[in-house]
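Colleague: I would like to learn how to read a few features from a model like this one. Could we start with charged side chains and then move on to burial?

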Amino acid sequence: MFRAGQLQGRGETVQDRAGGHPLAAFGRLDAAFDNAGNGLVPAPLIEHSKAEWDDTHALNLRGNWLCLRAQLRAMTAAGRGGAVVLNSGVGALVGGFGDGAQQAAKHGLTGLVKAATADCARHGIRVNAVAPGVVRTPGTQEYFGAGPGFAELVARSTPLGRPGLDVEVAEAAAWLLSDRASYVAGATLPVDGGITATRRFD
């Protein structure tokens with residue numbers, strides 16, 4: 001199985017390998033999960049430098065577009081259809097969740113999913129996204145590890161009363177990639193314990 005983690009970097013050549021590597025290894029590309037993203041320590045937009053803005057968008061939006069472009073080219077050329085899921089975030093659906101620069105990039109992913117659907121659904125290619133809320137991962141461990149305050153905040157602000165698990169996001173992505181979601185296209189699916197249903201994070 002090809003794992004996206006085998007590709008490192010942000011350059012166009014690296015992202016183009018997101019389509020070429022599976023073709024070279026297996027002769028076809030049926031499905032892909034794009035997990036390019038990072039975040040900033042939340043701060044008002046007016047406090048961010050241009051470099052911070054550019055760096056955040058380079059990975060969260062441009063990086064995903066480059067991966068998606070390579071994958072759509074491969075799937076379109078093969079003529080067998082396929083499915084792609086982008087890992088987005090709750091910040092793609094609401095304001096006031098996390099950092100504004102990242103939110104803007106994640107909102108861009110919502111548009112990217114819709115644009116790709118308009119272009120490629122007629123070729124049998126489904127493009128969707130998952131929008132996780134607060135999930136326990138190695139990348140968020142520093143927040144949870146700083147003390148009980150963050151975990152308590154998440155519990156208060158999430159209708160299900162707890163942070164998500166990475167496996168729960170993976171299950172949602174796997175469903176979107178599977179034939180069980182064969183009529184789902186252009187959607188950004190919240191996997192957030194109900195946060196976007198209440199739009200509360202205080």
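Modeller: Start with helix H2 (residues 50-78): Lys50 and Asp54 both lie in this helix, four residues apart, about one turn of the helix. Keep in mind that the model is predicted.

Colleague: What do the side chains of Lys50 and Asp54 form?

Modeller: The general idea is that side chains of opposite charge can pair when their charged atoms come close. Here the side chains of Lys50 and Asp54 meet in a salt bridge, at 2.8 Å from N to O. Lys50 is exposed, with a relative accessible area of 65%, while Asp54 is partly exposed at 35%.

Colleague: How many salt bridges does the structure hold?

Modeller: It holds three. Another one joins Arg28 and Asp30, whose side chains meet at 3.0 Å, N to O. Arg28 is partly exposed, with a relative accessible area of 38%, and Asp30 also counts as partly exposed, at 38%.

Colleague: Which residue forms a salt bridge with Glu168?

Modeller: Arg162 does, and the closest N and O atoms of the pair are 2.7 Å apart. Glu168 counts as partly exposed at 30% relative accessibility. Arg162 is partly exposed too, with a relative accessible area of 36%.

Colleague: Which residues in H6 are buried?

Modeller: Buried means under 20% relative accessible area. In H6, Val169, Ala172, Ala173 and Leu176 are buried. These residues cover an arc of only 95° around the axis, and therefore sit on the same side of H6.

Colleague: What covers the buried residues of H6?

Modeller: The cover includes strand S1 (31-34), strand S2 (82-87) and strand S3 (125-132). It also includes strand S4 (135-136), strand S5 (164-165) and strand S6 (188-191).

Colleague: Last, cysteines. How many disulfides does a search of the whole structure find?

Modeller: The search finds zero.

Colleague: Is Cys67 buried or exposed? And Cys120, buried or exposed?

Modeller: Cys67 is buried, because its relative accessible area is 12% and the cut-off for buried is under 20%. Cys120 is buried as well, with a relative accessible area of 8%.

How values were computed. Residues numbered from 1 in each chain as written. Predicted model: local features only at pLDDT ≥ 70, side-chain atom pairs only at ≥ 80, totals over all residues. Heavy atoms only, no water. Buried < 20%, exposed > 50% of the residue type's maximum accessible area, 1.4 Å probe, protein only. Helix = DSSP H or I, 4+ residues; strand = E, 2+ residues; numbered from the N terminus. Arc of directions from axis to C-beta. Contact = heavy atoms within 4.5 Å. Disulfide = S-S within 2.5 Å. Salt bridge = Lys/Arg side-chain N within 4 Å of Asp/Glu carboxyl O.
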